[in-house]
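Thanks for coming. I will walk through one structure today, starting with a rule for reading it and then going part by part.

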Amino acid sequence: MSANLIEQLRQVEDFKTKDGRRHPLWLVLLFVIMGTMNGYVGYRAWGDFVKLHHFEF
């Protein structure tokens with residue numbers, strides 16, 4: 001019984017209130033993982049990664 005990364009990330013409980021949510025937590029975590037794997041570290045760098053690759057997402 002194996003699950004892919006997205007299925008596993010969707011199981012992480014989102015601690016934020018509905019008012020504070022812009023994006024689902026699993027999606028933010030996925031972007032952080034992908035950015036880190038490509039050498040982007042830190043909030044600003046992860047934002048740069050998403051901006052650079054937003055068409056692919």
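This is a predicted model: local features need pLDDT of at least 70, side-chain atom pairs count only at pLDDT 80 or more; totals for chains, interfaces and linings use all residues.

A charge counts as sitting over a ring if NZ of Lys or CZ of Arg is within 6 Å of the ring centre and within 35 degrees of the ring normal. Keep that in mind for the first contact. Arg10 lies over the face of Trp26, and the distance to the ring centre is 4.2 Å.

Now the overall picture. The protein has three helices and zero strands. Along the sequence, that reads as α-α-α. Taken along the principal axes, the C-alpha atoms fill a box of roughly 35 × 30 × 20 Å. There are 57 residues in the protein, and 18% of them count as buried.

Let me go to helix 3, which covers residues 43–52. Which residues of helix 3 are buried? They are Ala45, Trp46 and Phe49. Viewed down the axis of helix 3, these buried residues fall within an arc of 100°, so they line one face of the helix. The face turned away from that buried side carries the exposed residues Tyr43, Arg44 and Lys51.

Next, the aromatic rings. A pair of aromatic rings is described by the distance of the centres and the angle of the planes. How many aromatic pairs are there? The count comes to two. Tyr40 and Phe49 form a tilted pair, at 5.2 Å centre to centre and with 55° between the planes. Tyr40 is partly exposed, with a relative accessible area of 23%. Phe49 is at 3% relative accessibility, and buried means under 20%, so Phe49 counts as buried.

In the other pair, the ring centres of Tyr43 and Trp46 are 5.8 Å apart. Why is this pair called edge-to-face? The planes of Tyr43 and Trp46 stand at 85°, and the label applies over 60 degrees, so the pair is edge-to-face. Tyr43 and Trp46 both lie in helix 3, three residues apart, which is about one turn of the helix. Tyr43 is exposed, with a relative accessible area of 75%, whereas Trp46 is among the buried residues of helix 3.

Leu5, Ile33 and Met37 make a nonpolar surface patch of about 310 Å². Ile33 belongs to helix 2, which runs over residues 25–37.

Then the loop between helix 1 and helix 2. Helix 1 spans 5–10, and Phe15 has its place in this loop. Phe15 is exposed, with a relative accessible area of 69%. How far is Phe15 from Val50 in space, C-alpha to C-alpha? The distance is 22 Å, and the two are 35 residues apart in sequence.

His23 is also found in the loop between helix 1 and helix 2. His23 is partly exposed, at 48% relative accessible area. Between His23 and Asp48 there are 17 Å from C-alpha to C-alpha, and they are 25 residues apart along the chain.

Last, the segment after helix 3, where His53 is found. His53 is partly exposed, with a relative accessible area of 24%. The C-alpha atoms of His53 and Lys18 are separated by 27 Å, with the two residues 35 apart along the chain.

To go back over two points: the buried residues of helix 3 line one face of the helix, and Arg10 lies over the face of Trp26. That is where I will stop.

Note on methods:
Residues are numbered from 1 along each chain as its sequence is written. Side-chain values use heavy atoms; hydrogens and water are left out. Patches are made of residues with over 30% relative accessible area and no salt bridge: like charges are joined within 9 Å, nonpolar side chains (Val, Leu, Ile, Met, Phe, Trp, Tyr) within 5 Å. Accessible areas come from the Shrake-Rupley method with a 1.4 Å probe; for residues, only the protein chains shown count as cover. A salt bridge is a side-chain nitrogen of Lys or Arg within 4 Å of a carboxyl oxygen of Asp or Glu. Helices (H or I, at least four residues) and strands (E, at least two) are DSSP runs, numbered from the N terminus. Buried means under 20% relative accessible area, exposed over 50%, partly exposed in between (1.4 Å probe, protein chains only). Rings of Phe, Tyr and Trp (its six-membered ring) pair if their centres lie within 6.5 Å; planes under 30 degrees apart count as stacked, over 60 as edge-to-face and the rest as tilted. The arc is that of the directions from the helix axis to the C-beta atoms.
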